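The sequence and structure are shown first.

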Amino acid sequence: MPTQEEAEEAVRTLIRWAGDDPTREGLLDTPRRVAKSYREFFSGYAQNPTEILSRTFSETDGYDEMIVLKDIRFESHCEHHMAPIIGRAHIAYLPRKRVVGISKLARLLECYAKRLQIQEKLTAQIANTLNDELQPRGVAVVIDASHQCMTTRGVHKAGTSMVTSRMLGAFRNDASTRREFLAFIGLPPATIGSSS
C-alpha cells in the first residue's frame, strides 16, 4: 500500500504534468487535501458489505410485504476516468423471515459506491449482496445517475442520466410485484422489463 507521502507526490506530479507549479502558494496544500479527499471518496474498500447486513431482526409480527428505501443520493467515481458519478438509488426487498435496519441499506450502497465503479456493477453488487445475506423472496435495485465522464468531458452531454436495474426472485418472476415496486419509486411499469 502506498504511503501518504507517495500519494501526495503523485498529486504533485499530476500538477506539474497539467502545466502548473506544485510549489506555488495556492497549490502547496493541494496534494495533502487531494489525498485526504481520496480517502473519503474510496472509503468503501475498507468496509465489509457482509458485516453491514450481519445484524437482522426477526420480530416483525409476520410482516412480509415489500420494504422500499427510495431516492438514496450517492456519489461514486467511474473506474475509467475517476470522474464523479452522482445519482439516486432505490432498493427494495421482500423479507422471508428477517429484516435489516433501513440505514443498513443506505450503508450497503455507500460501501460499494465509495469504490471505483461502473454503474452496472454497482447495481448488481447491491442486489446480489442483499439476496445472499438476507435470503429474501426477492430483491430490486434501480439506479439513476449522471456520469461526469460523459457530461464534463468527451461527448459533453449535460443533463443525461443512465438507469440500471437488477431484479431477483419475485421482482424478476412476478410482473405485479415489479409493477408495485416501480410505482413506489415513481417509474412507469414499462420502464424496466423482466429481463433486467
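A residue is called buried when its relative accessible area is under 20%, exposed when over 50%, and partly exposed in between (1.4 Å probe, protein chains only). The model is predicted, so local features need pLDDT of at least 70 and side-chain atom pairs count only at pLDDT 80 or more, while totals for chains, interfaces and linings use all residues. Residues are numbered from 1 along each chain as its sequence is written, and side-chain values use heavy atoms, with hydrogens and water left out.

The whole structure holds 7 salt bridges, each defined as a side-chain nitrogen of Lys or Arg within 4 Å of a carboxyl oxygen of Asp or Glu. Three of them are listed here.

| Salt bridge | N to O distance |
|---|---|
| glutamate 8 – arginine 12 | 3.6 Å |
| glutamate 9 – arginine 16 | 3.3 Å |
| aspartate 20 – arginine 24 | 2.9 Å |

Salt bridges with shared partners link Glu5, Glu8, Glu9, Arg12 and Arg16 into one network. Glutamate 8 is buried, because its relative accessible area is 11%. Glutamate 8 and arginine 12 are 4 residues apart in helix H1, so about one helical turn separates them. Helices (H or I, at least four residues) are DSSP runs numbered from the N terminus, as are strands (E, at least two). Glutamate 9 is partly exposed at 32%, and arginine 16 is partly exposed at 42%.

Arginine 24 sits in the loop between helix H1 (4–18) and helix H2 (30–41). With a relative accessible area of 41%, arginine 24 is partly exposed; aspartate 20, at 34%, is also partly exposed.
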